[in-house]
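Hi,

Here is the structure I said I would pass on. Have a look at it first, and my notes follow below.

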Amino acid sequence: MTMVVDLLAQGIEVPPLSSRQIAAEADAVLAEYAKRFGPIMKPPIEIEDVTTSVLPLTFGFSDLQSQLGGRVHGAIWFSRRHILIDDALNPDRFPDLLGRYHFTLGHEIAHWQLHRFLFLDEAGHAVLYGDDEMPDVICRKDHARPLIERQADEFAGCLLMPEWLLRPAWRMLTGSDEPICDGRLRELVPAIEPIRFLIDADGIEVQPDPIRLMREVFCESLADQFAVSDEAMRIQLEYLGLFAE
Amino acid sequence: MKKARGAKSFGAVLREKRMAKKITLRKFAEMIGVSATYLSQVEQDHFAPPTADRVTKIAELLGEDSDEWIRLADRVPDDVDIMVRQHPKDMPELMRLATGLSPEQFEVIKEQIRKMKKRGK
């Protein structure tokens, strides 16, 4: 999943962050969660509790695609500390999209954790002149990937699938800590009916990449455990180097 | 019933008490038979409090007084609703007559009713 943000028009440059810094930011949030509810022993991460009980945020659902234009998944108002998720991702209405809803919420949390200082002063007041009714960041599904969105995606991956939970789950699945190469996956993954992957969750026809498909089928059970999409799980496992060519 | 100025909302109290018990949102949602998303919206006061029977269950699970929580949720207890339906004329009239009485006067009336019921048995 890729997202674009309406930030470039505001001329904001995002400082670079290393993967280690982003993972540490996500772990810090999870450590706060553990302080309140006890150690996190197993997935999934309770992202709603993270949003409203650990962080000072509220969130709701709205028809963002009508209000802000097509293919919007989420938006955040920093000074209001409020996140809106598009109705099309409401898991009570579309249970199959639970994973994508979790990732979108994690992505908006990332903007709060990593990027709010660009929008708010120390007292929490907006530093940019703008329309208060409009969100500070609007996240759309698109092919372009500015740095701010890549950082938010990476943070969401680390928050929902922290390495210290994912590696043991990988070991349970594969019986080893080692990566699995595509050659071995071909032996393990049954023949895939490609038709089921031709239409994505936005109803857009896509040409599936056979390697990605195979990897996503292999990690389906992990995706279910962590309550994320197969795609998000595959990307996180690739990020950890657990899928090899 | 109108909440006192500055009083916390149903959702805020629910989250505070749930967190004090260290029960996660998803776990608590399972315990009361709703989705985590729905419960999170109730806690944020984006949705109205649940039905009276569910509020009762919430209060019981949190070790709280269910009548207090039903009042906080602006709900009418199910048994009161049934009683009013069984006596559609007398019950509302009784409640109207009792409006404005002091706690002490309520105690006198309740004691009278208890005696009447005892004699009636």
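Is Arg81(A) buried, partly exposed or exposed? Its relative accessibility is 37%, so Arg81(A) counts as partly exposed. Do keep in mind that this is a predicted model. I started with Arg81(A) for its backbone: phi is positive, about 55 degrees, although the residue is not a glycine. You'll find Arg81(A) in the loop that runs between β3 (72-77) and β4 (82-86) of chain A.

Lys22(B) is not a glycine either, and its phi is near 60 degrees, a positive value. Lys22(B) sits in the loop between α1 (10-20) and α2 of chain B, and with 47% relative accessibility it counts as partly exposed.

Now chain A as a whole. It has 10 helices and 7 strands, and 50% of its 245 residues count as buried. If you take the contacts in chain A with a separation of 6 or more, 72% of them are between residues 24 or more positions apart.

- Pro44(A): the peptide bond from Pro43(A) to Pro44(A) is cis, with omega near 0 degrees. Pro44(A) is in the loop between α1 (19-37) and α2 (47-54) of chain A.
- Phe37(A): this residue lies in helix α1 of chain A and is buried, with a relative accessible area of 10%. Beyond its neighbours within four places in sequence, Phe37(A) is in contact with Asp49(A) and Ser53(A), and also with Arg18(B), Met19(B), Lys22(B), Ile23(B) and Thr24(B). Val50(A) is 13 residues from Phe37(A) in sequence, and their C-alpha atoms are 11 Å apart.
- Pro168(A): this one is found in helix α6 (residues 163-174) of chain A and is partly exposed, at a relative accessible area of 33%. Its C-alpha atom is separated by 34 Å from that of Val14(A), 154 residues away along the chain.

On to chain B. The UniProt record, an unreviewed entry, annotates residues 14-69 of chain B as "domain: HTH cro/C1-type". In the model that span is 66% helix and 0% strand, and its end C-alpha atoms lie 9 Å apart.

For the packing inside chain B, look at α1(B) against α3 (residues 36-43): the angle is about 115 degrees and the axes are 7 Å apart. From α1(B), the contact uses Phe10(B), Gly11(B), Ala12(B), Leu14(B), Arg15(B) and Arg18(B), and from α3(B) it uses Leu39(B), Val42(B) and Glu43(B). Sorted by class, this contact holds 5 nonpolar, 1 polar and 3 charged residues.

Next, Arg26(B), in helix α2 (residues 25-32) of chain B. Which residues does Arg26(B) touch, not counting those up to four places away in sequence? From chain A there are Pro44(A), Ile45(A), Glu46(A), Ile47(A), Glu48(A) and His102(A), and from chain B there is Ala36(B). With a relative accessibility of 17%, Arg26(B) counts as buried, since the cut-off for buried is under 20%.

Last, the second largest pocket. It holds about 790 Å³ of space and is lined by 16 residues. Nearest its centre are Leu94(B), Met95(B), Phe106(B), Lys110(B) and Ile113(B). Three helices of chain B, α6 (78-86), α7 (90-98) and α8 (103-120), each supply at least two residues of the lining. By class, the lining has 12 nonpolar, 1 polar and 3 charged residues.

That's what I have so far. Over to you!

Notes: Residues are numbered from 1 along each chain as its sequence is written. Chains are lettered from A and ligands numbered from 1 in the order in which they are written. This is a predicted model: local features need pLDDT of at least 70, side-chain atom pairs count only at pLDDT 80 or more; totals for chains, interfaces and linings use all residues. Side-chain values use heavy atoms; hydrogens and water are left out. On a 1 Å grid over the protein atoms alone, a cavity is a set of points where a 1.4 Å probe fits but cannot get out, and a pocket is an open set with protein on both sides within 12 Å along at least five of seven lines; lining residues have an atom within 4 Å of a point. Grid points are joined across faces, edges and corners, and a volume is the space filled by probe spheres set on the points. Helices (H or I, at least four residues) and strands (E, at least two) are DSSP runs, numbered from the N terminus. Ala, Val, Leu, Ile, Met, Phe, Trp, Tyr, Cys and Pro count as nonpolar, Asp, Glu, Lys and Arg as charged, and the others, Gly among them, as polar. UniProt positions are given in the numbering used here, feature names are shortened, and annotations may be inferred rather than shown by experiment. Buried means under 20% relative accessible area, exposed over 50%, partly exposed in between (1.4 Å probe, protein chains only). Contact means heavy atoms within 4.5 Å. Axes are lines fitted to C-alpha atoms, for helices over the stretch in contact, and angles run from 0 to 180 degrees between N-to-C directions.
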